[in-house]
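Subject: Structure handover and notes

Dear colleague,

I am passing on to you the structure below, together with some notes on what was found in it. Please read the notes with the structure open beside them.

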Amino acid sequence: MHFHRKPYPMEDLTGPEEFFCQLADLEAQYQGPPHRRPVGKKALLAAALAGLTGLSLLGAVAASTCTVCYAVSNEGDPPLAYVQGETAYTQAVSQVEEQVSEILRTEYAYPDQTRVELAIAPKESVQSAEELTASLMETVPQVREVWVLTVDGVAAGACSSREEVEAALELVREGYSNENTTSVTLCGDIRINLDYLPAEEVLYDAETLAGALMVPTEEEERPLLTVETVEEITYTQAVPVPTQEEKDPALLLNERKVIQVGAEGREERTDRVTRRCGVETGRETLAATVLAEPTPQVVAVGTAQGVDAAKGRFVWPTAGQITSPFGYRYIFGSTSFHQGLDIANAAGTEIYAAADGTVVWSGAKGTYGNLLKVDHGNGFATYYAHCSQLLAEEGDTVKQGEKIALMGSTGRSTGPHLHFEVRWQNEPIDPQKCLP
Ligand SMILES: [Zn+2]
């Protein structure tokens, strides 16, 4: 940052302390006649030197707070600055010319209307060449001082005053804030630097600069200035319905039945939300208060299997005499397991579907003879074997009690009867325990 020091006012040089500086001090500081620039100042310098010599001859002794130096001024104006030697002035002028040429992108010469005169001034008012450069820059009408905002070294824009830039940053803070915002952090290396621009350059006002800082850049797809905000948001939301399951032996295994309809609850939550340029990057729940408890959804889940599950589902498939029950029996000279129930009657006796279902087999099948298989769903199926005639076809939907076959003695059979099987998950179960 450039440093600007106000020129020491001429009036302050009239006090006795300033005039009666120590002679030794004067001689030590004085480094001979000035350089040629500016031209035509020799007579003035000579006069000044004469005056100083006169001063020293007075033998005046005062506090050594003053020094012999050069006053730089425009004709008729108070001095712009004091410098130690004329070299400082010539250095400053060439610095100004170099800087202004660069800013204007054209050759610039500093107007030679400045007077450089020997003078006495308080030591602390003497400027370095660098400080004088800044003082002279202020006198160049083609350039102006501007305050440039940089973010991580990238210039975002320039305003006429530091306050304007600070106002822009405040607008950015406001732009990312709402009534819930608890903190706003401007990220990155943010600097406000004094610089020079051509005088005709249009500068940003606070609003324009703020806008430039908040609009995503083309390359990055995010604004030049990253702003992190923290908000605390309070809101209400639904509480999901919990599900409760109750075992029900009246239902088939895994069969489900809603016995109480659930209802959502309400809760109030307070979240801390972190955003980066307005986009949420983090969320943390600070508090949650249930306003209304949810009503659970109660579901009965069946546990009934096999015979227990079959009860009440089937009707007798035909009329006749039970000649062989389900279970172990002695037949054809050996012990075997009878997988069904034999019901004997005259050939041609009607056979009915024991429950609603779909015919999944209708035709001859080994020792079963003419067989009809009906799938009842929920894992149940019934078999009707040894039929003389099958009255339903595979794929037919049949109703409980519907005539589906006629009794016969096909397959491995000793006389007309119905071999009736009930299967649950393909395992034969005792039909008599399933029937009324
Ligand atoms: Zn049988």
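**Helix 4 and its surroundings**

Helix 4 (residues 86–104) has 19 residues and spans 27 Å from its first C-alpha to its last, close to the 27 Å expected at 1.5 Å a residue, where the expected span is 1.5 Å times one less than the number of residues. Helices (H or I, at least four residues) and strands (E, at least two) are DSSP runs, numbered from the N terminus. Please bear in mind that this is a predicted model, in which local features need pLDDT of at least 70 and side-chain atom pairs count only at pLDDT 80 or more, while totals for chains, interfaces and linings use all residues. Residues are numbered from 1 along each chain as its sequence is written, and side-chain values use heavy atoms, with hydrogens and water left out.

Among the buried residues of helix 4 are Tyr89, Val93, Val96, Val100 and Ile103, buried meaning under 20% relative accessible area with a 1.4 Å probe and protein chains only. The cover over the buried residues of this helix includes strand 1 (66–74), strand 3 (114–122), helix 5 (129–137) and strand 8 (190–198), with contact taken as heavy atoms within 4.5 Å. Just after helix 4, Arg105 takes a positive phi of about 60 degrees.

Strand 3 also holds Arg115, which is buried, with a relative accessible area of 18%. Arg115 and Val72 are 43 residues apart in sequence, and their C-alpha atoms are 5.7 Å apart in space.

**Paired strands**

Strand 12 (residues 265–276) and strand 13 (residues 279–292) pair in the antiparallel sense over 11 bridges, where pairing requires that DSSP finds at least two bridges between two strands. Thr270 stands opposite Ala287 in strand 13, and in the hairpin of these strands, which has two residues between them, Cys277 takes a positive phi near 50 degrees.

Further along, strand 20 (residues 357–364) is joined by six bridges to strand 21 (residues 370–377), and the two run antiparallel. Their hairpin has five residues between the strands, with Gly366 in the turn at a positive phi of about 50 degrees. Strand 21 is in turn joined by six bridges to strand 22 (residues 380–387), again antiparallel. Asp375 has Thr358 opposite it on one side, and it stands opposite Ala381 in strand 22 as well.

**The zinc ion**

Which atoms coordinate the zinc ion? They are His338 (NE2), Asp342 (OD), Asp342 (OD) and His419 (ND1), at 1.9 to 2.8 Å; donors are N, O and S atoms within 2.8 Å of the metal (3.2 Å for Na, K and Ca), and water is not among the atoms, so sites may look incomplete. The four donor atoms subtend angles of 52 to 161 degrees, which makes the arrangement irregular. The pair of histidines links distant parts of the chain, with His338 in strand 17 (residues 334–338) and His419 in strand 26 (residues 417–424), 81 residues apart. Both His338 and His419 are buried.

**Nonpolar cores**

In the largest nonpolar core, of 29 residues, Phe314, Ile351, Phe380, Tyr384 and Ile404 touch the most other members; such a core is a set of buried Ala, Val, Leu, Ile, Met, Phe, Trp, Tyr and Cys residues joined through side-chain atoms within 4.5 Å. Strand 26 gives the most to this core, with four residues. Apart from it lies another core, of 24 residues, among them Ala81, Tyr108, Val116 and Val140.

With best regards

Conventions
Buried means under 20% relative accessible area, exposed over 50%, partly exposed in between (1.4 Å probe, protein chains only). Four donors count as tetrahedral if all angles lie between 85 and 135 degrees; four count as square planar and six as octahedral if opposite donors are over 155 degrees apart and all others between 65 and 115; anything else is irregular.
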